[in-house]
Amino acid sequence: IWFECMAEDIKLCSIIESFAERIGTKVDTFGNLQAYFFRGVRSHSKNSSLERITISELKIQKNILPLVESIQTKLKILPEFANHHSNYNKKKSWSAISLQGYSSDVSFIGSPNEKKIREKAIEPFVLQETELMKDFHEVQELISLIGGQVERVRFMKLKSGQGELTRHTDLEDKVFGLNDGDVMRIHFPIVTNPDVKFSMWNLDGVEENHQMKVGKGYFLDTRKPHSAINAGDEERTHLVIDAYTNE
């Protein structure tokens, strides 16, 4: 017998789990979490413990704060950021600019893995650095500290005064994952403030609130639901690197 219910209905999930085995959780592109249970005699494959991670601080063997502080001094010379077109950016408060992407245009922040981007394509997509990358040796050094190859590299900004990304997942971009050759998203906070609320929901449907700190790097599994609100007086700016996973 199979049972299915919303993972965030903690009470109901607890009742079902008292007489059935919890098999796993399905996440959809809208950020819904469905928990699945089974009662009977059958073996089920187990997911890697890594799949339960929502956010994890990177173990970087170097003090990166001087690099971040150097980036901070250059933010004012950046060209205008491009609005991130998405259903969860309702207030147009989320924007980005490209240091490496699928165009030489710094304002092209999309990916060919996104259906809407593919449909509008005129020329083949080629992963390439933009003119901005040469001005940020600090970013190049952070990439080298991560190791391996990277895909898109962007500065992403969330406006102050209730700038908001509503709850969503990045499942539309099918390349994300933890298997060899998949893409994992890494955030380096450049400018932030204590009034930024960043939330993620784990596979048990529990909301986790995190404060990402300047001078640190973080892996985010954005396949899981997440949201962000900047209630502070200062814009939040992160360096976001999509890195290819490898063993």
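A: F3 has a relative accessible area of 22%, so F3 counts as partly exposed; buried means under 20% relative accessible area, exposed over 50%, and partly exposed in between, with a 1.4 Å probe and protein chains only. The model is predicted: local features need pLDDT of at least 70, side-chain atom pairs count only at pLDDT 80 or more, and totals for chains, interfaces and linings use all residues. Residues are numbered from 1 along each chain as its sequence is written, and side-chain values use heavy atoms, leaving out hydrogens and water.

The whole structure holds five aromatic pairs, where rings of Phe, Tyr and Trp (its six-membered ring) pair if their centres lie within 6.5 Å, planes under 30 degrees apart being stacked, over 60 edge-to-face and the rest tilted. One of these pairs joins F3 to F19 edge-to-face, with 5.4 Å centre to centre and 75 degrees between the planes. Because F3 belongs to strand β1 (residues 2-6) and F19 to the loop between α1 and β2 (21-27), this pair ties together parts that are 16 residues apart in sequence. Helices (H or I, at least four residues) and strands (E, at least two) are DSSP runs, numbered from the N terminus. F19, at 35% relative accessibility, is likewise partly exposed.

Another edge-to-face pair is formed by F136 and F155, at 5.1 Å centre to centre and 65 degrees between the planes. This pair links distant parts of the chain, 19 residues apart: F136 is in the loop between β7 (128-129) and α4 (137-146), and F155 is in strand β8. F136 is buried at 0% relative accessibility, and F155 is buried at 0% as well. K74 lies over the face of F136, 5.3 Å from the ring centre; a charge sits over a ring if NZ of Lys or CZ of Arg is within 6 Å of the ring centre and within 35 degrees of the ring normal. K157 lies over the face of F81 at 4.1 Å from the ring centre. Ring pairs also link Y102, F108 and F125 into a cluster.

F19 returns in a nonpolar surface patch of about 240 Å², made with L12 and I15. Patches consist of residues with over 30% relative accessible area and no salt bridge, like charges being joined within 9 Å and nonpolar side chains (Val, Leu, Ile, Met, Phe, Trp, Tyr) within 5 Å. I15 lies in helix α1 (residues 10-17) and is partly exposed at 43% relative accessibility.

The cysteines come next. The structure holds zero disulfides, a disulfide being a pair of cysteine sulfur atoms within 2.5 Å. C5 is in none, and the nearest cysteine sulfur, that of C13, is 3.3 Å away, which is too far for a bond. C5 is buried at 7% relative accessibility, as is C13 at 3%.

Charged contacts complete the account. There are 18 salt bridges, each a side-chain nitrogen of Lys or Arg within 4 Å of a carboxyl oxygen of Asp or Glu. In one of them, D173 meets R152 at 3.5 Å, N to O. D173 lies in the loop between β9 (163-168) and β10 (183-191) and R152 in strand β8 (residues 150-158), so the pair ties together parts that are 21 residues apart in sequence. Both D173 and R152 are buried.

Terms used:
Areas by Shrake-Rupley, 256 points an atom, 1.4 Å probe, with all protein chains shown as cover.
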